[in-house]
There are 2 protein chains.
Amino acid sequence: MSRLKVKDIFQENIVDVEATVKGWIRSVRNSKKFSFIVLNDGSAQQSIQIIVDEVLPNYAEVAALLSGSAVAITGRLVKGGGKVQSIEMQASLVEIIGKVDETYPLQKKATSLEFLREQAHLRIRTNTFGAIMRVRHHLAMATHEFFSKKGFFYLNSPIVSGVDAEGAGEMFTISTLANDITKAPKTKDGKLDFSKDYFGKETFLAVTGQLEGECYAMGLGSIYTFGPTFRSENSNTTRHLSEFWMIEPEVAFADLDEIAGLATDYIKYLISYSLLHAAAELEFLFAREDSTAPKDHLEVLKHVRDSKFIRITYTEAIEILSKIDPAVKKFEYPTIWGHELQTEHERFLAEEHFKMPVIVTDYPKEFKAFYMKLNDDGKTVKAMDILVPGIGEIIGGSQREDNLERLEKRMDEMNMNKDPLWWYLDLRRFGSVPHAGFGLGFERALMYITGVNNIRDVIPFPRTPKNCDF
Amino acid sequence: MSRLKVKDIFQENIVDVEATVKGWIRSVRNSKKFSFIVLNDGSAQQSIQIIVDEVLPNYAEVAALLSGSAVAITGRLVKGGGKVQSIEMQASLVEIIGKVDETYPLQKKATSLEFLREQAHLRIRTNTFGAIMRVRHHLAMATHEFFSKKGFFYLNSPIVSGVDAEGAGEMFTISTLANDITKAPKTKDGKLDFSKDYFGKETFLAVTGQLEGECYAMGLGSIYTFGPTFRSENSNTTRHLSEFWMIEPEVAFADLDEIAGLATDYIKYLISYSLLHAAAELEFLFAREDSTAPKDHLEVLKHVRDSKFIRITYTEAIEILSKIDPAVKKFEYPTIWGHELQTEHERFLAEEHFKMPVIVTDYPKEFKAFYMKLNDDGKTVKAMDILVPGIGEIIGGSQREDNLERLEKRMDEMNMNKDPLWWYLDLRRFGSVPHAGFGLGFERALMYITGVNNIRDVIPFPRTPKNCDF
């Protein structure tokens, strides 16, 4: 008997045929003469109900199965009695493949997201994590489709980096000497002798693929990365991971304006794609009893998809914020030109003032990285952040300084060591062109769209300070 | 004037319109009254020829430009004089954006692949690396399309791993203590005190995503990973990288036979897709003066795409090899049952004996990982390797041991510490099902299809022992 996936049964409306389904039991309900099994095989949010008649030889054993057990069931697919288009199976054969006993951690009553974080190897078996991770899949596919259609090339930027990318964040050291330092070669001052390490120098986990992305944009025109990046800050918040995935497009001949447009289109594409391909998953997530998504989240997403994003400069943002009546909204941090926008400011702008994603551009150079292009005012740089309701910053980007002299001057001002970045400076030495790019935190986009409010719940195996199980 | 990409000009056959192209000069040839510029913008293998008339005000400066300079050229697109469907531009305006001088490393005569490896930040500006990296892009897109169409979900398995995945290869340690061990907390015996490290334990760069992939296959049914993996072996060969990308599908309810079929279909899909989407790139690579692809490589690829893969057991492979007349082929290593197949054996089978990819299955358990399912003979496991001409092993896979007792017994036999893998064992404890998967080395697939014979040339920034520049 050929095996059918539950997704295909419902999508292709397959009835009045004999088939086999294989999956895991979500629930068993026994009535007088029948047992009703709800089976999920992971292919879709939807499960299928299977009616097992007591005449089956192993009925007693089947009726005693616990949720979580794996079975293969053969039977006839028929129109269900209930809702329109519902399909059920009348079982003729139930093969028990893998049982669970009472020690199975995923019991009905113990499925809070907090508890499930400790069961990261099993939580994908719940409806909630099935939904989140299928949305994650679709957002990844949307990403490749969006950039590929536009003629961008996918770049695998390196994970092991020899560059201490100044200012981008604290880094993890990678070494083959660290495992047992008593046997490792050391320098005169007692440190590890990285010149004798595997790569012949100290190496780090990459915090960004941007610099290498710029190299490749200078050849392929438009590229994007989509890979893991790392931060070793001791940030134990609901919005930070030590290991997270980032998408970083880089476009030759583009300016800040063009890249802001690209970022807008990309976010809208992610929303459209997920509404189209993961409608059942989003519906399930928004309707969950302990859902943290706003009540009107589906409408909000559609509105964002169909609306123009707000675009203001940092200076305009400060003007808006400084005029807010403290009786309406009291900020903890100052709203004066030259001070950084804090999360409270970002969220106020996106959530309360505009109620829309906001693109803030042209920040004071002091807040931003060395490679951002200086504006003619000499004070601000061609940078942008995109702020969304519920999250705050989701995208950061900029036009890059493509003038060698200005870039070197800025690096000197910031007391940076230019030597390790000789190759990055070469891009400005040979055939330099204006170019721009941005970075989107994939998990933050996923939080935004699913309404899930802890970043640990949108990545399969979260890595955070003191936490690297599984 | 709207900018057009060179790819679109040729693909949509755009002529008799005014447009702007932006890119880098591949060559300038000056005749009496004209300068002929060949411009590439990275969007396609193809460049466009632009005719610059001496009447242009900055003609002298344009005619003196060196290859590698960046320009924006506006003019009229017209049918070219030469080949069918060729299109040229008659320039009316040449804007010089970024020059190069004589110090530019990519001079005509200095473009050996060896030399270009030292210019990894610039080599993407050559036709050869443009071709390779566009093929790489298309193989990545083919991968997502292949698995996504089949209902597989993309899984981002973790890169930072707390598990010393026994037997899979040597690992890099990740630490925030290693940067300055003089200040780091240490244990009584003078080693780094990893309990005080960032993650509270010693952590490593993942050598595989398989174990986490198995967790997710038990929920989503079918998954695949596509991400970076790491080996710290001191292997300085043309086929090894310290950082490489791997694709690892894992399928619940699948056996070895099914996964071998999936792997076959996948390799064929990669070939079909690249022949369709990167025909110009492959043609260019096969025709290069120093191409290492076999002369009939295009025909070979088509043959492989259209043919059934050979499938033999390890035992049959040994029988074949042991019967080979030493006058025909003399092997260095023994061809006796119980000895590992060496690269010389693998390549002989694929290249000389079958002249086709060969799937070898059912290896002696001693050669293989702890998690592979034991056959009824008690001696061999449900493993497979796929061997291809020119490379050797390109895929390794297996059906996994889904029986808890047998798996624990095997781990005990191999003196493995079961404690850190409690979660992996849980998969066999709760709702266990037969399942199988494989791993494809992405760069090896790329080498196979492009015929490029050094793995350092098919990844943007290669990481190998003592080599982590850029």
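**Reading the A–B interface**

Modeller: Start with polar contacts: 36 residue pairs, both at pLDDT 80 or more, are in polar contact between chain A and chain B. A polar contact is a pair of N or O atoms within 3.5 Å; within protein, one must be able to donate a hydrogen and the other to accept it, and residues adjacent in sequence count only if both atoms are side-chain atoms. This is a predicted model: local features need pLDDT of at least 70, side-chain atom pairs count only at pLDDT 80 or more, and totals for chains, interfaces and linings use all residues. Residues are numbered from 1 along each chain as written, chains are lettered from A in the order written, and side-chain values use heavy atoms, without hydrogens and water.

Colleague: How many salt bridges are there between chain A and chain B?

Modeller: A salt bridge is a side-chain nitrogen of Lys or Arg within 4 Å of a carboxyl oxygen of Asp or Glu. Here the count is 4. In one salt bridge, Lys191(B) meets Asp180(A) at 3.8 Å, N to O.

Colleague: How many residues does the contact take from chain A and from chain B?

Modeller: Contact means heavy atoms within 4.5 Å. Chain A gives 121 residues and chain B gives 120 residues.

Colleague: What area do chain A and chain B bury between them?

Modeller: Buried area is the accessible area (1.4 Å probe) that two parts lose on being put together, summed over both. The two chains bury about 9100 Å², 64% of it on carbon and sulfur atoms. Tyr198(A), Phe253(A) and Phe430(A) supply 9% of the area that chain A buries against chain B, more than any other three residues.
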